[in-house]
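Keep the coordinates open while reading.

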Amino acid sequence: MNKEIKVNNIDCSSIFTRYGYSVTYKKIMGDASGDMLDGSTTEDVIAIRPVVTFGFMPVDEDKLSAFIASLYKNDYAQLYYFDLRERAYKTIETIYSDIQAGHRLTGTDGKDYWFARTITFEGRSPL
């Protein structure tokens with residue numbers, strides 16, 4: 001079953017590959033992390049943030065332009081995705097990477113299609 005993906009409450013199923021995204025987790029370290037006198041290492045984890053990366057499908061100009069316009073309208077994006085750690089869907093406020101779109105092709109339907117690579121969303125707040 002494909003997972004549901006929304007950015008700013010917009011269904012992105014026709015833009016992102018719904019079966020090929022990755023969810024990783026980033027540890028945010030505090031000041032007490034480091035190497036101890038006995039040679040051991042201590043981690044002072046103060047937060048864990050999700051990092052979600054999506055690959056793009058070939059998208060026609062209208063859809064990709066509309067997505068980019070809605071994304072860059074705000075400083076932060078609301079991402080609705082399936083979180084592996086919690087085994088549930090959740091919505092988080094994120095900081096997102098820039099989109100690199102290129103390699104325009106004309107399809108058999110006469111529309112221009114763009115191939116963007118990936119976009120990464122990192123949660124702003126801890127889980």
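In this predicted model, 3 strands build an open sheet, ordered E7-E11-E10. Their pairing is antiparallel. E7 (59-60) and E10 are the edge strands, each with a single partner strand, so one side of each has no neighbour in the sheet.

**Pairing of E10 and E11**
- Strand E10 covers residues 101-106, and strand E11 covers residues 112-116.
- The two run antiparallel and are joined over 4 bridges.
- Thr106 sits opposite Asp112 of E11.

**The hairpin between them**
- E10 and E11 form a hairpin with 5 residues between the strands.
- Which residue of this hairpin takes a positive phi? Gly110 does, with a value near 85°.

**Pairing of E7 and E11**
- E7 also pairs with E11 in the antiparallel sense, over 2 bridges.
- Opposite Val59 stands Trp114 of E11.

**Lys90 in strand E9**
- Strand E9 spans residues 88-96 and contains Lys90.
- Is Lys90 buried or exposed? Lys90 counts as buried, because its relative accessibility is 16% and the cut-off for buried is under 20%.
- Which side chain does the Lys90 side chain contact? The partner in this polar contact is the side chain of Glu86, at 3.0 Å.

Definitions and conventions:
Residues are numbered from 1 along each chain as its sequence is written. This is a predicted model: local features need pLDDT of at least 70, side-chain atom pairs count only at pLDDT 80 or more; totals for chains, interfaces and linings use all residues. Side-chain values use heavy atoms; hydrogens and water are left out. Two strands pair if DSSP finds at least two bridges between them. Buried means under 20% relative accessible area, exposed over 50%, partly exposed in between (1.4 Å probe, protein chains only). A polar contact is a pair of N or O atoms within 3.5 Å; within protein, one must be able to donate a hydrogen and the other to accept it, and residues adjacent in sequence count only if both atoms are side-chain atoms.
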